[in-house]
Amino acid sequence: MRRLLLTAVYLLALPVLLLTLWWVASDGSTNVYWPPLRTILKTFPDVWTGQRLRDDLLRSVLRLLAGYATAAVLGIGLGTVVGSYRRVRAVCEPVLEFLRAVPPPVLVPVIMLFAGIGDSMKIVVIASGCVWPILLNTVEGVRAVDPVMAETARSYGITGVTRLRTLVLRSASPQIFAGLRQALSIGIILMVISEMFAASNGLGFTIVQFQRGFAIPDMWTGILLLGLLGFALSVVFQLVERRVLGWYHGLRATTRRS
């Protein structure tokens, strides 16, 4: 119980401090573009009703999860193949580095030509940006498999799917999760950007509509909600990571104590 309380304090201390500083700094502000925080918080429940949360927040989250899941499957699958075979890596590496250097927002007009302006376009945009950190971290994780463990597995006749599951992916999983963590923040950014193009709902669309209508407090509530969404997704990701990589964190803790 005490550990949970300490974790909650560490988790919430800085956000509470920043909100307090924001409250004090904006209190009494008459700038139309910088409303007081109390005005934003008062406006929040009036703007983000149940209907708007379903139409905008839920739609955005579903698009984000679809694009993120697509990127995870492609990144881990391709990264495992590229990392496992030296010749495949030699052929693919220049192309991968070229494609990785192209900013995903630049591809939005091109993707719109092929995927239209519906949810498919937004999912493809999110996936096109999230796939690179996952793929490249997977490649490096697969390449870094301990050669002694690989030789031991070969000696015991552990091959095929069993070797992939118990040795390769397990050894590479810390770096794969590092890529997944980077991709999550990229996915949130691309979710907002994709919804600014030819959209009729979503957080990005709604925030831009508030800005164009000079509903500045409403716009700030959208930005605040976007930050809360990112925070919630980060917490969920950490819980999943600790569950999946429990063996890895336990090994590191044991090594530090010794």
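**The aromatic ring pairs**

A: The accessible surface of the protein is about 15,500 Å², and carbon and sulfur atoms account for 67% of that surface (areas by the Shrake-Rupley method with a 1.4 Å probe; for residues, only the protein chains shown count as cover). The model is predicted, so local features need pLDDT of at least 70 and side-chain atom pairs count only at pLDDT 80 or more, whereas totals for chains, interfaces and linings use all residues. Residues are numbered from 1 along each chain as its sequence is written, and side-chain values use heavy atoms, with hydrogens and water left out.

The protein has 11 helices and 0 strands (DSSP runs numbered from the N terminus: helices are H or I with at least four residues, strands are E with at least two). Its C-alpha trace spans about 75 × 55 × 30 Å along the principal axes. Of the 258 residues, 36% are buried (under 20% relative accessible area, with exposed over 50% and partly exposed in between; 1.4 Å probe, protein chains only).

A search of the whole structure finds 4 aromatic pairs (rings of Phe, Tyr and Trp, the last by its six-membered ring, with centres within 6.5 Å; planes under 30 degrees apart are stacked, over 60 edge-to-face and the rest tilted). One of them joins W22 and W34: this pair is stacked, because the ring centres lie 6.3 Å apart and the planes meet at 25°. It links distant parts of the chain, 12 residues apart, with W22 in helix 1 (residues 2-26) and W34 in the loop between helix 1 and helix 2 (37-47). W22 has a relative accessible area of 17% and is therefore buried; W34, at 33%, is partly exposed.

W34 also pairs with W220, where the centres are 5.7 Å apart and the planes are at 80°, so this pair is edge-to-face. Here too distant parts of the chain are linked: W34 in that loop and W220 in helix 10 (residues 216-244) are 186 residues apart. W220 is buried because its relative accessible area is 18%. Through these ring pairs, W22, W34 and W220 are linked into a cluster.

R52 lies over the face of W48, at 5.9 Å from the ring centre (a charge sits over a ring if NZ of Lys or CZ of Arg is within 6 Å of the ring centre and within 35 degrees of the ring normal).
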